[in-house]
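Hello,

Here is the structure we spoke about handing over. My notes on what was found in it follow below.

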Amino acid sequence: MAHVSHPSSAETIEQFERYVIGNYRRFPVSLVRGEGSHIWDAEGNRYLDLFPGWGCNVLGHCPPRVVEAVRDQVGTLIHVPNTWYMEAQGAFAQALSERSFGGQCFFCNSGAEANEAAIKLARLHGSKSNRSTIVTMTHGFHGRTYAALSATAQPKYHQGCGPMLPGFKYVPYNDLSAASDAIDDQTAAVLVEPIQGEGGINIPAPDYLAGLRKLCDDRGALLMLDEVQTGLGRTGSWFAYQHSSITPDVLTCAKALAGGVACGVMIASTAVAPSLRPGMHASTFGGNPIACRAGLATIETIEAEGLLQRGPQIGERFRTHFDRLRAERPELIREIRTRGVMIGVELSVDASPVVAGCLERRVLINATQGTVIRLLPSLTLSDEHLDEGFEVIAEVVRELRS
Ligand code: PLP
């Protein structure tokens with residue numbers, strides 16, 4: 001690769017301090033290039049990335065088919081509005097519908113936006129029978145825009161932003177009896193993550209989704225699954241609900257959907273989708289040809305490289321490693337939760353020093369909910385890099401005091 005010179009990390013940080021709003025806590029490093037499971041900073045240091053793109057880079061950095069598809073599309077047609085038909089959006093919608101439950105797609109650019117669409121669709125659909133309440137789960141995460149934030153039953157994200165949008169009821173996750181108490185003839189929909197991601201990689205009981213499906217069917221409410229984080233291949237199937245026996249009425253997905261290119265989607269069953277009539281909802285950039293080509297290339301890569309099978313292998317290998325570490329330090333590791341390349345390790349202590357210690361050793365990981373180490377590695381992670389990354393995490397965990 002030709003040498004490209006970059007401003008130093010310090011120079012970029014200084015620029016941010018002057019010109020970029022400080023709403024993110026950032027690591028003091030400017031990243032300039034990525035390839036597979038590695039990423040490089042402006043000083044030329046290489047990092048092993050076990051949390052690539054906050055879950056967006058499910059194929060690793062710069063996956064070749066996605067790069068090629070975007071390059072090709074950029075030179076052909078960058079953007080046209082949704083007042084026209086376009087080939088790539090139709091093809092991507094068909095590909096997603098055929099790999100899920102035969103529904104119809106509305107495209108947007110992010111997870112929050114997909115959930116906004118779902119909440120609006122639920123209310124439009126429910127308005128025929130005076131239903132507007134949306135039931136969501138504690139420790140859930142649905143995004144930062146107002147309806148998605150109101151759906152997010154975590155008070156820390158609401159602080160100082162009130163009032164929230166009315167009409168949301170919160171119930172404990174993985175608790176069918178609490179859901180049963182909450183779902184009534186005012187309920188338009190239940191919105192739930194099949195596995196809670198930001199909430200700590202919380203995997204519900206095997207019958208949970210089926211139980212919610214039955215409650216929704218019995219009481220006339222829609223079941224809407226937020227698969228923004230679980231979606232597109234991460235858990236060993238295209239969508240996490242496919243490990244259960246049910247199908248949802250509505251599903252949202254973003255993050256991994258287009259291999260790292262901004263893209264969100266709401267898929268709605270053909271019974272529900274017509275409630276979103278022309279003029280009722282829109283997204284200017286939603287379903288643009290670049291994102292849709294990237295999405296098609298993501299699906300093509302997952303299929304061509306057998307990556308739906310690879311996710312569970314990676315998850316199991318991490319589990320085996322962490323089980324060993326737990327046997328060594330049982331006072332530090334409370335629980336290990338994995339489903340494909342969603343990996344959560346709950347510690348008995350603050351997990352942020354583990355993130356910092358790994359960064360010093362040039363391995364990128366995440367912590368959530370204070371005590372949970374979260375890894376969302378790419379489906380293309382090799383066993384060699386997996387083992388190398390685990391050894392670094394283990395070294396840092398061993399230094400912790402319980
Ligand atoms: N829903 C879930 C389950 C998520 O994990 C996230 C982001 O972490 C969102 C929604 C919001 O997605 P975005 O940041 O793309 O708006």
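Accessible areas in these notes come from the Shrake-Rupley method with a 1.4 Å probe, and for residues only the protein chains shown count as cover. On that basis the accessible surface of the protein chain comes to about 18000 Å², and 53% of this belongs to carbon and sulfur atoms.

This is a predicted model, in which local features need pLDDT of at least 70 and side-chain atom pairs count only at pLDDT 80 or more, while totals for chains, interfaces and linings use all residues. Residues are numbered from 1 along each chain as its sequence is written, and side-chain values use heavy atoms, with hydrogens and water left out.

The chain overall

The protein chain has twelve helices and 15 strands; these are DSSP runs numbered from the N terminus, with helices being H or I of at least four residues and strands E of at least two. The C-alpha trace spans about 60 × 55 × 45 Å along its principal axes. A compact globule of 402 residues would have a radius of gyration near 21 Å, and the protein chain agrees, because its value is 21 Å. (That radius is taken over C-alpha atoms, and the globule rule is 2.2 Å times the number of residues to the power 0.38.) Of the 402 residues, 54% are buried, where buried means under 20% relative accessible area, exposed over 50%, and partly exposed in between (1.4 Å probe, protein chains only). Among contacts (heavy atoms within 4.5 Å) with a separation of 6 or more, 70% join residues 24 or more positions apart.

The ligand

The residues around the ligand (a heavy atom within 4 Å) include Ser-110, Asn-115, His-142, Glu-193, Asp-226, Gln-229 and Lys-255. Helix α4 (residues 111–126) gives the largest share of this shell, three residues. Polar contacts are pairs of N or O atoms within 3.5 Å; within protein, one must be able to donate a hydrogen and the other to accept it, and residues adjacent in sequence count only if both atoms are side-chain atoms. A polar side-chain atom of Asp-226 lies 2.8 Å from a nitrogen atom of the ligand. On its own the ligand has 390 Å² of accessible area, and the protein covers 82% of that.

Individual residues

Gly-344 lies in strand β12 (residues 342–347) and counts as buried because its relative accessibility is 0%. Leaving aside neighbours within four places in sequence, its contacts include Ile-201, Arg-337 and Val-372.

Ile-201 sits in the loop between β7 (187–192) and α8 (208–219). It is buried, with a relative accessible area of 0%, and has a positive phi of about 55° although it is not a glycine. Asn-130, in the loop between α4 and β5 (133–137), also has a positive phi, near 55°; Asn-130 is exposed, at 64% relative accessible area. A cis peptide bond joins Gly-162 and Pro-163, with omega about 0°. Most residues other than glycine have a negative phi, and most peptide bonds are trans.

His-38 is in strand β2 (residues 38–41). The side chains of His-38 and Arg-46 make a polar contact at 3.5 Å, and His-38 is buried at 6% relative accessibility.

Regards
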